[in-house]
Amino acid sequence: MIREIDRAERDVRKLNGQIGAQKGSSYFARMQYGRLVDAALQSMSEKYLAEIFEALRDVAVASRANKPIGDKMIMNAAFLVARDKEQAFDQRVKQIGAKYDKLTFKYTWPWPPYNFANI
């Protein structure tokens, strides 16, 4: 992903080139590079999330975004799916997984709808 960001983001690519050309300490430049990469990763994650939620909207009754667990997870969500839409939902997730082949999709079901209950 960092190589992809380096190719896509001009500022990241420019700073990375400057770091490689510097002699001596490049601590502050590397810190700035890290911040730029982190911001680009966050932006990519948000784009993926929006596209995934949009793609699953018509095969789910409701959805909830939960906090991701760990630094490798970008999405932790619950989807309320009607029984007659289970196969459609499963097929849609497979389609999304094929589209975003750089991401790994893992999901489990069925679960009680506790994400959708207010107590």
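This is a predicted model: local features need pLDDT of at least 70, side-chain atom pairs count only at pLDDT 80 or more; totals for chains, interfaces and linings use all residues.
A residue counts as exposed when its relative accessible area is over 50%, as buried when that area is under 20%, and as partly exposed in between.

Take R57 to begin with. Its relative accessibility is 55%, over the 50% cut-off, so R57 counts as exposed. The side chain of R57 meets that of E54 in a salt bridge, at 3.3 Å from N to O. E54, for its part, has a relative accessible area of 48%, so that residue is partly exposed.

A word on confidence before I go on. The average pLDDT of the chain is 82, and 79% of the residues score at least 70. Among the elements, the lowest mean pLDDT, 65, belongs to helix α2, residues 10-21. The highest, 93, belongs to helix α4, residues 86-99.

Back to the charged pairs. How many salt bridges does a search of the whole structure find? Five. Side chains of opposite charge can pair when their charged atoms come close. I have already described R57 with E54, and I will go through two others.

One of them joins E51 and K47, whose closest N and O atoms are 3.8 Å apart. Where do E51 and K47 lie? Both are in helix α3, which covers residues 27-56, and they sit four residues apart, about one turn of the helix.

Is R83 buried or exposed? R83 counts as exposed, because its relative accessibility is 72%, over the 50% cut-off. E86 has 25% relative accessibility, so E86 counts as partly exposed.

Last, the nonpolar surface. Which residues make the nonpolar surface patch? Y107, W109, W111 and Y114 make it, and its area is about 520 Å². Y114 has a relative accessible area of 53%, so Y114 is exposed.

Note on methods: Residues are numbered from 1 along each chain as its sequence is written. Side-chain values use heavy atoms; hydrogens and water are left out. pLDDT is the predictor's confidence in each residue, from 0 to 100. Helices (H or I, at least four residues) and strands (E, at least two) are DSSP runs, numbered from the N terminus. Patches are made of residues with over 30% relative accessible area and no salt bridge: like charges are joined within 9 Å, nonpolar side chains (Val, Leu, Ile, Met, Phe, Trp, Tyr) within 5 Å. Accessible areas come from the Shrake-Rupley method with a 1.4 Å probe; for residues, only the protein chains shown count as cover. A salt bridge is a side-chain nitrogen of Lys or Arg within 4 Å of a carboxyl oxygen of Asp or Glu. Buried means under 20% relative accessible area, exposed over 50%, partly exposed in between (1.4 Å probe, protein chains only).
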